[in-house]
Every structure is written in structure tokens, then in C-alpha cells.
Amino acid sequence: RGRGAARLDVGIVAFATARNDPCEKAAIGRLREAVELGADLIGAVPAFSSEPFAALDAILDLAETTRRPVDLHLDEHLDPAAMLAGRLCESVIARGLQGRVTLSHGCVLSALEPKEVTALASRLATADITVIALPQTNLFLQDRDGPTPRMRGIAPVLELMRAGVRVRLGTDNVRDWFFPFGDGDMLETGYLAVL
């Protein structure tokens with residue numbers, strides 16, 4: 001209700017966490033109930049599931065039947081062999097969900113060869129999937145197991161934009177377990193994305 005209220009849209013996401021695996025019928029039931037109670041979107045981190053591909057399909061099936069947009073925190077790692085983005089493109093098109101899916105993180109794209117990035121960016125554009133790059137969180141988290149991180153893990157914004165993908169920037173985490181810094185300042189997010 002403050003001065004910025006007219007400039008903000010707040011959406012409620014029925015989000016599948018590590019304790020609500022979309023592969024389980026009861027978990028999908030809880031998400032469906034959240035939608036019935038007024039959730040605006042459906043979201044998940046498929047990597048939290050024991051079966052990431054099945055979890056991805058279950059979330060997209062629910063989005064199709066409930067006609068809700070989807071917020072997926074996907075491919076927040078640097079292992080191309082474990083990438084789900086290609087499967088997401090195929091699944092979105094098969095279900096007619098173009099324009100209704102957001103992929104947050106996409107860190108693995110930074111670990112692909114340039115030709116692979118170009119090809120995947122084209123597929124993301126065809127599926128009309130929006131990609132949200134999260135510079136603060138991913139600069140902090142990616143490749144942190146060694147002494148000095150070398151793989152930075154930020155989605156390749158320029159290549160995505162050149163392919164026609166809608167790209168957004170976000171913070172995802174502010175002073176929490178995943179990112180213990182920041183204050184949600186989007187100018188800082190923009191600054192880090194430019195760097």
C-alpha cells in the first residue's frame with residue numbers, strides 16, 4: 001500500500017519443493033489444491049525430484065489442465081549431460097504451452113559449446129519460453145566447490161536475446177541460505193548482469 005504498490009504485481013506460485021515431489025500423486029494433488037485456492041502460477045525445481053524428467057512432465061501436465069503459467073527453476077548446474085532445457089522445449093510445444101513458461105537460472109547454458117547454445121536458444125525461442133538470468137545467486141553458487149570459481153554459470157543473455165528469446169533479470173534470493181547478501185535492488189542486479 002506504499003508508494004510503489006501501483007508499480008508491483010505480486011503473483012502467488014504453487015511451488016513444488018524438495019518435500020513435494022511432482023512425481024508423487026499426493027504432491028500434484030497439493031499443487032492442484034493450491035491452484036483451486038487461488039495460486040496464479042505453478043512452479044517447481046525438477047532437479048529436486050528423484051526423477052527430474054518425470055517431475056517436469058507432471059508439472060507441465062498440471063499447467064495444461066489448470067491453464068496456469070509455469071515458473072521452472074531449471075538447469076541450475078554446469079553439467080550438460082543433466083540438462084532439461086531441451087526436453088522442456090519439446091514438452092512445451094507438444095502441450096501448446098508456448099508463451100506460458102519461464103525458465104529461471106539456465107546456468108548449464110554457460111557450459112555448452114557456442115553452437116549448442118545457438119541451437120538451444122533457437123529452440124527456446126520457438127517454444128516461446130522466457131529465460132530469467134539470476135546473476136547474484138548464480139555468481140555466488142556456481143562452481144563453488146573449488147578454491148576459486150571459474151565457471152560463472154550465468155545464462156548467456158546476449159545469445160538468447162539474439163535468438164529472439166525474452167530475457168529477464170532477477171535476484172531469486174536475498175539474504176537467505178542460497179545467497180547471504182543483497183537487498184533486492186534491481187539496479188544492482190542489472191549492474192552485475194552487465195559485468
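Mentor: Strand 3, helix 3 (residues 85-95) and strand 4 form a β-α-β unit that is right-handed, meaning that, with the strands pointing away from the viewer, the path from the first strand over the helix to the second runs clockwise. This is a predicted model, in which local features need pLDDT of at least 70 and side-chain atom pairs count only at pLDDT 80 or more, while totals for chains, interfaces and linings use all residues. Residues are numbered from 1 along each chain as its sequence is written, and side-chain values use heavy atoms, with hydrogens and water left out. Helices (H or I, at least four residues) and strands (E, at least two) are DSSP runs, numbered from the N terminus.

Strand 3 (residues 70-74) and strand 4 run parallel and are joined by 5 bridges, where pairing requires that DSSP finds at least two bridges between two strands; within this pair, Val-70 stands opposite Val-101 of strand 4. Strand 4 also pairs in the parallel sense with strand 5 (residues 130-133), over 3 bridges, and here Thr-102 is placed opposite Thr-130 of strand 5. Between these two strands the chain passes through helix 4 (residues 114-126), and this β-α-β crossover from strand 4 to strand 5 is right-handed.

As for burial, 5 of the 5 residues of strand 4 (residues 101-105) are buried, so the strand is largely enclosed by the rest of the structure; buried means under 20% relative accessible area, exposed over 50%, and partly exposed in between, with a 1.4 Å probe and protein chains only.
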